[in-house]
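Q: Hi! Could you walk me through the salt bridges in this one?
A: Happy to, let's have a look together.

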Amino acid sequence: YPGCISLASSLRGCLLLFMGFFRGALVWFAQALESASDAESRAEALIGLAADDVADAQAASARSHLALAADDAADHWRTRTRQAWVTAELSLLAGAPLEAVDAGERALSACRDHSPRHMAKSLLIVEAARGGTASPDLLGEELLRAVALIRAGGWVSLQWPAALIADDLVRAARAPPALMGEVADMRAEGAAAVRAIGQALPPGLREGWLGGPAARRLLASDG
């Protein structure tokens, strides 16, 4: 496949970005764009650059990269999904949670018939977007659906963001009763995921990951 070198670089960038190392991720996304040879690999690289921009609070640059990716992303469900994810994150950065919900729901529509893992992450994004604005009776359902998928799939990389979203709702006194019954287990699963990821990382990355705000918060909540 001609785009595999570019896609491999985008994957490395995504892994670094997911753990909070956005400056290191930027190098790999730039390399991915340079070596891109088709629509999918170009879209993945540009969406990665947009996600990196969001992590660095560079909203204008994120919008530009997403706009450049739009045509290339349109032909594949995976790139449509990732485009919608980053659009939702950019909307949250811009203080537009309703737009973030819409983008999260577009992601769900794009991946619904293809990937339970992508569905789980999309549900997490919708829940995070709704967390600060929706009425309490609308909260928790998407998160619990996502957690069921995450547990069934054993996706450690999604356990810790799910736990953080649950913890946010509890701290804001917006968690519904059904979610309150799951929060302790979700926090424990999130802390276990943080430790498992840390153990799998090489020295240098491990310390940065375990010292990051998400890891510290979940490890503290686990006692």
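Q: Before we start, what counts as a salt bridge here?
A: A salt bridge is a side-chain nitrogen of Lys or Arg within 4 Å of a carboxyl oxygen of Asp or Glu. Keep in mind that this is a predicted model.

Q: Is Asp-72 buried or exposed?
A: Asp-72 counts as buried at 17% relative accessibility, because buried means under 20%. Arg-42, at 32%, counts as partly exposed.

Q: Okay, moving on. What does Arg-151 meet in a salt bridge?
A: Its partner is Glu-182, at 3.2 Å from N to O. Arg-151 sits in helix H8 (residues 141-153) and Glu-182 in helix H10 (residues 177-200), so this pair ties together parts 31 residues apart in sequence.

Q: What about Asp-167?
A: Asp-167 forms a salt bridge with Arg-217, with the closest N and O atoms 3.0 Å apart. Asp-167 is in helix H9 (residues 156-171) and Arg-217 in helix H12 (residues 213-221), so parts 50 residues apart in sequence are tied together.

Q: Which residues are joined with them into one network?
A: Through salt bridges that share partners, Asp-167 and Arg-217 are in one network with Asp-168, Arg-171 and Arg-187. Asp-167 is buried, at 3% relative accessible area, while Arg-217 is partly exposed at 25%.

Key: Residues numbered from 1 in each chain as written. Predicted model: local features only at pLDDT ≥ 70, side-chain atom pairs only at ≥ 80, totals over all residues. Heavy atoms only, no water. Buried < 20%, exposed > 50% of the residue type's maximum accessible area, 1.4 Å probe, protein only. Helix = DSSP H or I, 4+ residues; strand = E, 2+ residues; numbered from the N terminus.
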